[in-house]
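Biologist: I would like to take a close look at a single part of this model, and I would be glad of a careful answer.

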Amino acid sequence: MAAPDKVFSLEGKALKIDTAQDLEAHIGPLRAMEDVEEVRILGNTLGVEACKLLGEVLATKKSLKTANLADIFTGRLLNEIPEALSSLLTSILNLPNLRTINLSDNAFGLNTQAPLVAFLSSHVPLQHLYLNNNGLGPHAGILIADSLSKLHEKKEEVRKAGQDVPYLETVICGRNRLENGSMLAWAKAFSLHSKVKEIKMVQNGIRQEGIEQLLTAGLNNATELKVLDLQDNTFTIKGARALAKVVPLWADIQELGIGDSLLGAKGAILLADALSQGRNQKLETLRLQYNDITSAGVKGFASAAKDGLPVLKRIELNGNKFSEDDESILSLQSLLDGRKEKHGGDVVDEDAWGVDSLSDLEELDSDEEEEEEEEEDVRPEEKAEKLVKEAEEAQEAPTVQLKDDDVDALAKKLEKTGI
């Protein structure tokens with residue numbers, strides 16, 4: 001994080017800035033900052049002319065490292081956003097130190113993704129990308145993922161030419177309806193950006209086939225991964241098998257989020273067995289709420305925590321199917337409480353330690369079957385065909401033709417622009 005005297009912020013002022021003149025009333029301090037490193041514009045709404053002026057000013061700030069442009073188009077018309085966005089992104093493309101870009105909470109979707117795709121394909125210094133809650137959908141999701149694959153190619157070209165550029169380390173892309181249709185593209189992107197350290201793709205409607213593809217053809221290459229959050233997607237036994245297969249490859253993983261993902265009783269046991277191998281010595285936080293995990297799964301995680309996860313601090317298991325006084329959950333609580341006492345220090349963040357509140361557990365009825373229905377064993381060729389079909393269907397989604405010719409021309413303009 002930048003020092004306070006190197007940050008320009010309009011954060012959360014709820015300003016409605018339509019014109020360049022409107023912006024002039026606020027932009028003076030930014031103009032005067034020769035060594036600004038972070039700009040925070042989030043929580044305001046900017047029109048086309050305001051974005052053009054902001055872009056012109058930002059283009060002069062060669063020391064800029066972080067641009068937080070989240071939630072800056074609230075209330076804007078669909079045909080305003082592409083031109084406004086292109087003005088900003090074209091201007092900051094040449095900033096050599098701009099490594100972090102946050103465009104979360106802006107309604108892009110398929111009709112307004114073109115400026116973003118062009119920028120992401122070309123901005124070689126990019127290290128941390130935040131694209132959360134942008135309404136992308138699977139088609140735009142494919143385009144974004146493909147742009148990151150192209151970015152990898154550009155980064156490699158620059159490295160071969162002797163220039164030192166950062167690896168892509170952070171991708172936050174949740175609440176975007178990426179679905180199965182974009183998972184072939186995302187798996188490819190992550191197979192290329194194998195130095196990625198933090199990935200959060202929560203609540204994207206990804207089903208088990210897509211999860212399997214993402215894990216076994218993409219994230220299996222991400223051997224330096226530290227944080228993975230795939231909560232609120234759908235794993236089932238298929239996704240659980242894939243996760244159990246790849247999790248031992250992540251020796252640096254510190255936080256793993258698989259909550260509310262239909263992991264299932266058998267899937268939980270598979271994951272617990274994988275974690276028991278002792279290949280995840282740095283894992284501190286495990287989020288597994290609302291997954292139909294039974295007592296057998298809890299027993300597996302208690303065993304893994306004791307013998308295979310020496311620094312585990314926190315495990316979240318609320319909303320599953322076991323009793324609060326289950327012997328294994330009591331053992332887990334005792335183990336983690338002991339670690340907190342030994343390693344927690346003088347000031348303890350209680351939410352970072354122990355077992356979470358178990359206020360919403362479901363108990364198995366005596367006549368309830370603990371067995372899950374096995375999914376059909378599908379040949380790899382059939383799995384691939386299904387995902388390809390879903391990708392094709394995603395790309396056939398109708399899109400509104402915008403009148404703004406500047407959007408169509410942006411990609412060509414950026415191709416001519418060098419870092």
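How are helix 2 and helix 3 oriented to each other?

Modeller: This is a predicted model, in which local features need pLDDT of at least 70 and side-chain atom pairs count only at pLDDT 80 or more, while totals for chains, interfaces and linings use all residues. Residues are numbered from 1 along each chain as its sequence is written, and side-chain values use heavy atoms, with hydrogens and water left out.

Helix 2 covers residues 48–58 and helix 3 covers residues 81–92, where helices are DSSP runs of H or I with at least four residues, numbered from the N terminus. Two packed helices are described by the angle between their axes and the distance between the axes. Here helix 2 and helix 3 pack at an angle of about 5°, with their axes 8 Å apart; axes are lines fitted to C-alpha atoms over the stretch in contact, and angles run from 0 to 180 degrees between N-to-C directions. Helix 2 and helix 3 are therefore roughly parallel to each other, a term for angles under 35 degrees.

In the contact (heavy atoms within 4.5 Å), helix 2 contributes Val48, Cys51, Lys52, Leu54, Gly55, Glu56 and Leu58, which meet Glu83, Ala84, Ser87, Leu88, Ser91 and Ile92 of helix 3. By class, this contact of helix 2 with helix 3 has 7 nonpolar, 3 polar and 3 charged residues, where Ala, Val, Leu, Ile, Met, Phe, Trp, Tyr, Cys and Pro count as nonpolar, Asp, Glu, Lys and Arg as charged, and the others, Gly among them, as polar.

Elsewhere, the charged end of Arg159 sits over the ring of Tyr167, 3.9 Å from its centre, and the charged end of Lys195 sits over the ring of Tyr167 too, 5.7 Å from its centre; this requires CZ of Arg or NZ of Lys within 6 Å of the ring centre and within 35 degrees of the ring normal.

Technical notes
Helices (H or I, at least four residues) and strands (E, at least two) are DSSP runs, numbered from the N terminus. Angles under 35 degrees count as roughly parallel, over 145 as roughly antiparallel, 65 to 115 as roughly perpendicular and the rest as oblique.
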